[in-house]
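Reader: Please show me the structure, and let me ask what the terms used for it rest on.

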Amino acid sequence: MESTESHTLMACHECDLLHRIHPLRYGERAKCSRCGAGLWAKKRDSFEYTIVFAVTSLLLFIMANVFPFMTFELHGRVQTSHLSTGVFEFFERGMWELGLLVLGASILFPAFKILGMLYVLVPLEMNRRPWKAPQVFRVVAQCQTWAMMDVYLLGVIVAVIKLADLATLVPGVAIYSFGALILTMAAADSALDPHAVWEKMEDLR
Amino acid sequence: MKGLSTTAAKASLISCHACHQLSRIPAGFTKGDAICPRCEAHIHLRKPNSISRTWALLIAAYILYIPANLLPVMTVISFGKGEADTILSGVKELIHAGMLPIALLVFFASITVPVLKLLTLTYLLLSVQYKSRWRPRDRTFLYRITEVVGRWSMIDIFMISILIALVKLQAVATIEPGMGAISFAAVVILTMFAAIGFDPRLIWDKMEEH
């Protein structure tokens, strides 16, 4: 973006058409006039909301990892599992590829996304530029694709339905925390205005 | 917002894929040796080797799609007897158990989405290579959906990870993941990388040529 006082010059990331964008009001969106891709959505109090939702997500994330996820009862035998149990089971069977995949999608990428958001946004909000801020924020954006908590929860639902006739399943605290985490992460994502973050980073250089 | 009648590339500008900062093409610019002044990412006019990279990932995904569907994704062992499940037989089982909505969901995520994704990316690549000028806006839209929806195919893999964590009563019932699961996960990941590697701006570059 090249900014002057009256407008910002910006290229569409999907078709490369140049646009002259007038200063947006809060809640206003700019779309590409040729291919329809979103160019910029300006959000009110973006930093504050994103930080609040990210902190909530961090607490829920810790709860989802510490507390029992689900308990399985069959013929009087009880088996408690945690969020990470599946990962260990894959490693024990020598299927480390799947172990790593599930570890990344359900634990590591979500964790990096939450921590990365806070690492960049909290100091920026206090008008300080954290060390390696652009690199960290770029990885946060890439975590978007690979953090698959929402898909994971659907996998849980399908597994529960498959086992429902066979055994008694008792949901644990972690499963509710995980469900809530998906909502707070979605809220943090929709509150985040990446353009505002990049501009602030540049201002504080 | 006003669309100008020219692209960034034509105006000698590079748009950073990470932070969307526009910068002038530096003198003596060759592929990918420039750095975005704002976010320090490597910047390119177009994603490097987009077409051949996407093809390579896509062909690998096509090949692995065969074992992904033929080999069992998991085996349920109860009282010493094993029953192998492929992706399709898992869906059939859900239908027999009377769970039609869930069966449809799994069918959509594990079969419809991967197949459509493979075919869509193939079509997009061919349309760019054959310099198609047909409905570029719709093709861009198709790409956008492909990029977003791909991750939902992972449902089956996550389901297996829950099942093996819960069902481990040695004598009564255990569940063993199979090679089909690894192949299937590889197909999903390869197509996700293929979608990331494809540059939708190539669709529009053909529209600029006369």
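Predicted model: local features only at pLDDT ≥ 70, side-chain atom pairs only at ≥ 80, totals over all residues.

Reader: What makes strand 6 and strand 8 of chain A a pair?

Author: Two strands pair if there are at least two bridges between them. Strand 6 (residues 70–74) and strand 8 of chain A have 4 bridges, in the antiparallel sense, so they meet the condition. One of the residue pairs is A:E73 with A:T168, the latter in strand 8 of chain A.

Reader: Which strands of the chain A sheet are called edge strands, and why?

Author: The sheet of chain A is open, with 3 strands in the order 7-6-8 and antiparallel pairing. Strand 7 (77–81) and strand 8 (168–171) of chain A are the edge strands, as each pairs on one side only. Neighbouring strands of this sheet are turned by 20° against each other on average, direction ignored.

Reader: What is the order of strands in the open sheet of chain B?

Author: In chain B, 4 strands form the sheet in the order 7-6-9-8, with antiparallel pairing. Its edge strands are strand 7 and strand 8 (168–169) of chain B, each pairing on one side only.

Reader: How many residues lie between the two strands of the hairpin in chain B?

Author: Strand 6 and strand 7 of chain B form the hairpin with 2 residues between them. B:F79 in the turn has a positive phi of about 50°.

Reader: Which residues touch the most other members of the largest nonpolar core?

Author: They are A:L98, B:I157, B:L163, B:A181, B:F184 and B:A185, in a core of 113 residues. Helix 6 (residues 179–197) of chain B gives the largest share of this core, 12 residues.

Reader: What makes A:L98 a member of that core?

Author: Members are buried residues of listed nonpolar types, Leu among them, and buried requires 20 or more other C-beta atoms within 10 Å. A:L98 belongs to the core, so it meets both conditions. Leaving aside neighbours within four places in sequence, its contacts are A:F90, B:I157, B:P177, B:A181, B:I182 and B:A185.

Reader: How many residues does each chain bring to the contact between them?

Author: Chain A brings 56 residues and chain B 52. On the chain A side, helix 5 (residues 149–163) gives the most, with 9 residues. That side has 32 nonpolar, 13 polar and 11 charged residues.

Reader: Where do the domains of chain A lie, and how many residues of each are in their contact?

Author: The domain assignment gives domain 1 (1–42) and domain 2 (43–203) of chain A. Domain 1 of chain A contributes 5 residues to the contact and domain 2 of chain A 4 residues. On the side of domain 1, these are 3 nonpolar, 1 polar and 1 charged residues. The centres of the two domains, taken over C-alpha atoms, are separated by 31 Å.

Notes:
Residues numbered from 1 in each chain as written. Chains lettered and ligands numbered in written order. Core = buried A, V, L, I, M, F, W, Y, C linked by C-beta atoms within 7 Å. Buried ≥ 20, exposed ≤ 12 C-beta atoms within 10 Å, placed from the backbone. Contact = placed C-beta atoms within 7 Å. Axes fitted to C-alpha atoms, helices over the stretch in contact; angles between N-to-C directions. Domains from an automatic or database assignment. Nonpolar A, V, L, I, M, F, W, Y, C, P; charged D, E, K, R; others polar.
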